[in-house]
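User: I'd like to learn how to read chain contacts and a ligand site in a model like this one. Could you walk me through it?

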Protein chains: 4
Amino acid sequence: PGIQCAQDYEALADRFIPAPAHAYIAGGSGQEATLRANLAAFDGIGIAPRLLRDVTAGHTRVKLLGRELRHPVLLAPVAFQTLAHPGGEIETARAADATDSCLVASTLSSFPLEDIARATRGDKWFQLYFQPRRESTLDLVRRAEAAGFGALVVTVDASVQSPSLRARRAGFRMPDDVRPANLQHHVQPGQVTLSGGQSLIFQGLMSEAPTWDDLAWIMGQTALPVLVKGVLHADDAHALQAMGVAGLVVSNHGGRTLDGIPASLKALPRIREAVGAGYPLLLDSGIRGGSDIFKALALGADAVMIGRLQVYALAVAGALGVAHLVKLLREELELCMALAGCPTPADITPAFIER
Amino acid sequence: PGIQCAQDYEALADRFIPAPAHAYIAGGSGQEATLRANLAAFDGIGIAPRLLRDVTAGHTRVKLLGRELRHPVLLAPVAFQTLAHPGGEIETARAADATDSCLVASTLSSFPLEDIARATRGDKWFQLYFQPRRESTLDLVRRAEAAGFGALVVTVDASVQSPSLRARRAGFRMPDDVRPANLQHHVQPGQVTLSGGQSLIFQGLMSEAPTWDDLAWIMGQTALPVLVKGVLHADDAHALQAMGVAGLVVSNHGGRTLDGIPASLKALPRIREAVGAGYPLLLDSGIRGGSDIFKALALGADAVMIGRLQVYALAVAGALGVAHLVKLLREELELCMALAGCPTPADITPAFIER
Amino acid sequence: PGIQCAQDYEALADRFIPAPAHAYIAGGSGQEATLRANLAAFDGIGIAPRLLRDVTAGHTRVKLLGRELRHPVLLAPVAFQTLAHPGGEIETARAADATDSCLVASTLSSFPLEDIARATRGDKWFQLYFQPRRESTLDLVRRAEAAGFGALVVTVDASVQSPSLRARRAGFRMPDDVRPANLQHHVQPGQVTLSGGQSLIFQGLMSEAPTWDDLAWIMGQTALPVLVKGVLHADDAHALQAMGVAGLVVSNHGGRTLDGIPASLKALPRIREAVGAGYPLLLDSGIRGGSDIFKALALGADAVMIGRLQVYALAVAGALGVAHLVKLLREELELCMALAGCPTPADITPAFIER
Amino acid sequence: PGIQCAQDYEALADRFIPAPAHAYIAGGSGQEATLRANLAAFDGIGIAPRLLRDVTAGHTRVKLLGRELRHPVLLAPVAFQTLAHPGGEIETARAADATDSCLVASTLSSFPLEDIARATRGDKWFQLYFQPRRESTLDLVRRAEAAGFGALVVTVDASVQSPSLRARRAGFRMPDDVRPANLQHHVQPGQVTLSGGQSLIFQGLMSEAPTWDDLAWIMGQTALPVLVKGVLHADDAHALQAMGVAGLVVSNHGGRTLDGIPASLKALPRIREAVGAGYPLLLDSGIRGGSDIFKALALGADAVMIGRLQVYALAVAGALGVAHLVKLLREELELCMALAGCPTPADITPAFIER
Ligand SMILES: Cc1cc2nc3c(=O)[nH]c(=O)nc-3n(C[C@H](O)[C@H](O)[C@H](O)COP(=O)(O)O)c2cc1C
Ligand SMILES: Cc1cc2nc3c(=O)[nH]c(=O)nc-3n(C[C@H](O)[C@H](O)[C@H](O)COP(=O)(O)O)c2cc1C
Ligand SMILES: Cc1cc2nc3c(=O)[nH]c(=O)nc-3n(C[C@H](O)[C@H](O)[C@H](O)COP(=O)(O)O)c2cc1C
Ligand SMILES: Cc1cc2nc3c(=O)[nH]c(=O)nc-3n(C[C@H](O)[C@H](O)[C@H](O)COP(=O)(O)O)c2cc1C
């Protein structure tokens, strides 16, 4: 209806999602400093346009992991999408299919990964959370391979998950019928028994967090390219690249893990510098419109992922909403490229950023 | 009535313009970051005054394209002025006549350029938008020459035109009786047919956008001096100067094209540096009072253009309003010059800017 | 009553002054950018305290023009004080007397300078506005000399006087019975006749503004030390010192002249640097409490002047109010000195400023 | 009830503390610039996390003055705790006992220091205010030694105590039954008689303020380690270290002494630089959550002290509240360490700070 730009889905979403669930989706961790920083980082830089350039051969195609994507807008892994719409991840996958968007399915999806995979013919990656037991983790990988996912995205920045203060204050608790469909037959995390003097965090929750060894192990178990999601430090980026990781997602999980960490856009340039040109880098956290995508590309990303906007559009109008969202984002990006004088993504360099 | 300063016309205007049209005029593109940046840029710098200087021989005369203007306040090209006042551009031209202001008539005027030209004896320039077909463009130029316009101002930053989000949300659509009088007999833009996989933006709308070649071509067709409006990058400025353009308007179209581009005031000093002293530079976007004009002159502009204030004053009181506005702006500028210790525009140098 | 700190007089004053007059007093020129900058400049810097120092021999005495003042808080020249209190400048002078404050009487006082002089036994200076005719100016000087004023403060930053936008919007006009008592028999300013094409500002109002020559002339006419008020530029400061001016008031007239000029506190350090140590420098504009005085002294002022707070206290409680205000300011300054570890004004150096 | 994070005690406290007393506790001195700066300093810096690190051997233990504390959260000295809860300091001490927190008892406690000491088996220090007479001061020290306090914390930044403007405006006065239990038999401060021309501050209140000599004297009188609280300047820190002080508390007294002094967090890095590695440094003022503790440790503190939060939790739920608060702060700190990749306090270095 009154959707004029991608961000309008955000404003509309609270009419379609019950307040507690909306707080869970929209909120960030802690005092939400990182959540705010994500948006402020995009607003804080400008675009330096060039004039009179011929853009009539323009397009938005990008190459990623040896494949050509029609546009650099990926659908980020978002858990439990039935919170937003009964059709959940299946609707999202249909939208991905309709818009040639690469879909990243979450480990914590409400529908089995096989069903999601079947719903889109396009590129799809599987986002992997390490499980308490290695056999569970491996089982997920094997299923993802079998279902035709083309890459693994290992998320490493959210070892301890807890709803945000905002969600808690809104009284959010996960509804009983919203469950991690992929993990029905696996040990659930967080079941550690502590002895006296031990810390719930260090010896408890974090005992299941992946380490460098775990990452190396999983890379040895699969032929799929492995990306790592949640990178913010140049030294980590460099180490990951050195150990053969196929690409990185510069991300702070949309401000949903440790509050106080930097905007991912702020971290992007030094990570690009650390890994050099040509190495696959994605960015998410804070993308709200086409010019944000332009800025991310200009500062070194090959593509971006969309988290909350995707959920909002899903809540408002299911597959149609998500497809419309992607269409709007593409148009906004194209308009931005056209008016800035960049016919293709490759033309969007740091020179187009105004500070 | 209660008009104490030029900017008061802004506050008053919404009583005289219907809300949707007001949103169209006042709004900027996108989230209006550039619109806000325009104002913030002026507020963000100060004036460093000097004491005890004799200013009794003071005046506001400036030389531009070999002509002496009585003051450096030009009336920017503003489309469809009947939106604000039934007398539209004719009223504005009368005000220009009464106040010795140089008028810049838009391609998209509600009245034919010939009528506008007849309404003022003073300096007048014609703002040119490239048309889908070269013969249409050339026809406009020939008519402007014949009507006595003294220069062409080619606007190059608004190849894709669309109302702002603000305007859309306010339900604005161009009234049926508001039409581009100069273009009645020409092909309208935006009629391209796309094949599958083509982009509405790149292969559609932008197929009619002017390029360096088009600019060179039009310069070869006319003896009028050609200025280019919408310049923000020093390298573009330098290239335009090199190809023989007669002067530049440093402008972001009042924040109405690509949102996120810099305030024109911010771009001004580096453009002045790129083109050197003596080359004609105008600035618009964000001028709201006499001290803004002072700041623009100090940072390298030879003169400024007034967009929205002009429309507001037109809406409030027609030709009288616009004339009064110019008078107020001049007085505010003179007061600023006097108290800063600058008797003439030539005295207003960067040394008078406080950071 | 509920006065806990000097600034509380500000909050209370609007109950004692009619709204239009209050707007006239409180307001600044234009959009009040300089007015705001004055306050922000003090808030923007911090104090770096030192510990465990013995301050039991502490005091606030300062030397100025060869005289010792008991404290560095002067009462700034403020015109037409009967606007705030029927007793006007006489009440203020009594407060100066009671608190050993140096009083600076304005040219535009509601009572004759002789009456004001009689009301205080303490130090007093006369603030001089140049008059349309030299004989009027000289007459004022002779009367000030005869009345026992110890110095002239020539104000040079307010050649064109006009009420602020805020005052105009509040409908302020000077009441008929408020008149410049010192100027009853002199030609009033602003009576110039303009010929066509001349500017009201340049050839009109500014024709009576003092220049370097006028300043030199008046210095040749009197044995009184001459200070200049309204200095913001280091080069002006240096030139004034070179021509024999006895001291400077770094001031922007409380944000009442040209809007957009810098906070006087911001200008202070470079002016101190330009004139060197030992040369008398005062500062006003924005002082609202004892720690502001501390900061001004730390950045190079020998003393400060209080404008609006003085008027507010006068309005609230006449001489008693002004005396109480000075007492509060002194106590606040002393507390600040004590807790910062500075027993005397001479100890307050830039090392005590935290940035 | 709805306590989700440590800071929630702040929001809840005003339902448990009468408004005037709340204003006294919550307020800062003057215009509260330092109070605001304390919070802004923490918000103004970010955390730079590292990935995939093994933190399963993590803990929060720190060494201080040769003792191992289970966590770096100390309870700051807070006067007159019966204002917040009838059980006052006894409740607080019980919470310290239950949570293995080091308690710092104020000279101005509502209960005698001996009773407080008895209420906790854990580490405890005594905060010393110098008294008008040396024998009173010495008597306090002897009693603290006898009661088993393990260190003296000499507070040197609050020689002149006065309620804040906020407290005054709220009509706060110390209730009659709230008295400094430790000082019942001693001369009260502030009883100096002044002669004419003397200053209430310099010759009055400050005559009892401690100097370097007083500090040296008290250090010669006791075998207890002496820390100094209220240090903000690197040179003072260096001098204190040089004279044998056992450690420093970088603090501005929670913004309750001189308004306008810097945030203690801002002062911390240069003080750490001045004293070198290994020298005991604590920080307080502005700690509101676990990530603030993390930031303080990263910038050079060995431990932190909690002022207002402690009082708020005490008011809300007595000993239980304070114990819960400490538990929350620890958990928040541990989560922050875990997600940032720091298993122990020693791992938290400046490299984990993002600017
Ligand atoms: C409701 C919600 C659930 C999410 N679930 C996952 C998840 O299961 N796995 C994951 O790696 N990231 C998850 N994320 C993070 C997103 O993949 C992405 O990093 C983030 O949303 C990007 O920021 P944005 O929301 O500002 O676009 C989730 C985000 C949201 C908002
Ligand atoms: C309602 C409106 C219509 C405009 N139409 C045109 C136009 O037809 N051609 C053009 O070059 N610029 C056009 N402009 C831009 C102005 O020429 C000018 O660049 C801008 O308004 C300056 O910013 P200001 O409004 O802050 O003064 C228009 C601006 C407005 C507000
Ligand atoms: C109502 C009013 C009248 C003033 N009249 C004079 C004047 O007659 N002569 C003068 O030199 N300055 C005059 N000033 C400026 C003050 O001397 C002083 O520079 C200014 O008030 C300082 O700023 P503050 O108000 O922030 O303290 C006046 C200021 C006010 C507020
Ligand atoms: C109500 C109150 C009373 C205090 N009393 C004392 C005291 O007696 N001695 C002392 O050294 N500090 C005292 N302080 C300061 C604290 O020890 C500590 O430095 C400060 O509260 C830390 O800042 P925070 O409140 O932001 O945590 C007091 C603070 C408050 C809020």
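**Reading the contact between chain B and chain C**

Analyst: Happy to! Let's start with who takes part: chain B brings 31 residues to the contact and chain C brings 34 residues. Keep in mind that this is a predicted model.

User: How much area do chain B and chain C bury between them, and what share of it is on carbon and sulfur atoms?

Analyst: Buried area is what two parts lose in accessible area on being put together, summed over both. Here chain B and chain C bury about 2,700 Å², with 62% of it on carbon and sulfur atoms.

User: How many salt bridges does the rule find across the interface of chain B and chain C?

Analyst: The idea is to look for a side-chain nitrogen of Lys or Arg within 4 Å of a carboxyl oxygen of Asp or Glu. The rule finds four salt bridges across this interface. One of them pairs Asp8(B) with Arg169(C), and their closest N and O atoms are 2.6 Å apart.

User: Which elements of chain B give two or more residues to the side that touches chain C?

Analyst: Those are β1 (46-47) and α13 (308-340) of chain B. Of the elements, α13(B) gives the most, with eight residues. By class, this side of chain B has 15 nonpolar, seven polar and nine charged residues.

User: What about pairs of chains that do not touch?

Analyst: For those, look at the nearest C-alpha atoms. Chain A and chain C do not touch, and their nearest C-alpha atoms are 22 Å apart. Likewise, no contact joins chain B and chain D, where the closest C-alpha atoms lie 22 Å apart.

User: Now the ligand site. Which residues come nearest to ligand 2?

Analyst: Of the 20 residues around ligand 2, the nearest are Pro77(B), Ser106(B), Thr155(B), Asp284(B) and Gly286(B). Next, ask which part of a residue faces the ligand. For Pro77(B), a backbone N or O atom lies 2.7 Å from an oxygen atom of ligand 2. With Ser106(B), an N or O atom of the side chain is 2.7 Å from a ligand 2 oxygen atom. At Gly286(B), a polar backbone atom is 2.8 Å from an oxygen atom of ligand 2.

User: How much of the accessible area of ligand 2 does the protein cover?

Analyst: On its own, ligand 2 has 600 Å² of accessible area, and the protein covers 98% of it. The shell around ligand 2 has six nonpolar, nine polar and five charged residues.

Conventions: Residues are numbered from 1 along each chain as its sequence is written. Chains are lettered from A and ligands numbered from 1 in the order in which they are written. This is a predicted model: local features need pLDDT of at least 70, side-chain atom pairs count only at pLDDT 80 or more; totals for chains, interfaces and linings use all residues. Side-chain values use heavy atoms; hydrogens and water are left out. Contact means heavy atoms within 4.5 Å. Buried area is the accessible area (1.4 Å probe) that two parts lose on being put together, summed over both. Helices (H or I, at least four residues) and strands (E, at least two) are DSSP runs, numbered from the N terminus. Ala, Val, Leu, Ile, Met, Phe, Trp, Tyr, Cys and Pro count as nonpolar, Asp, Glu, Lys and Arg as charged, and the others, Gly among them, as polar. A residue is near a molecule or strand if one of its heavy atoms lies within 4 Å of it. A polar contact is a pair of N or O atoms within 3.5 Å; within protein, one must be able to donate a hydrogen and the other to accept it, and residues adjacent in sequence count only if both atoms are side-chain atoms. Accessible areas come from the Shrake-Rupley method with a 1.4 Å probe; for residues, only the protein chains shown count as cover.
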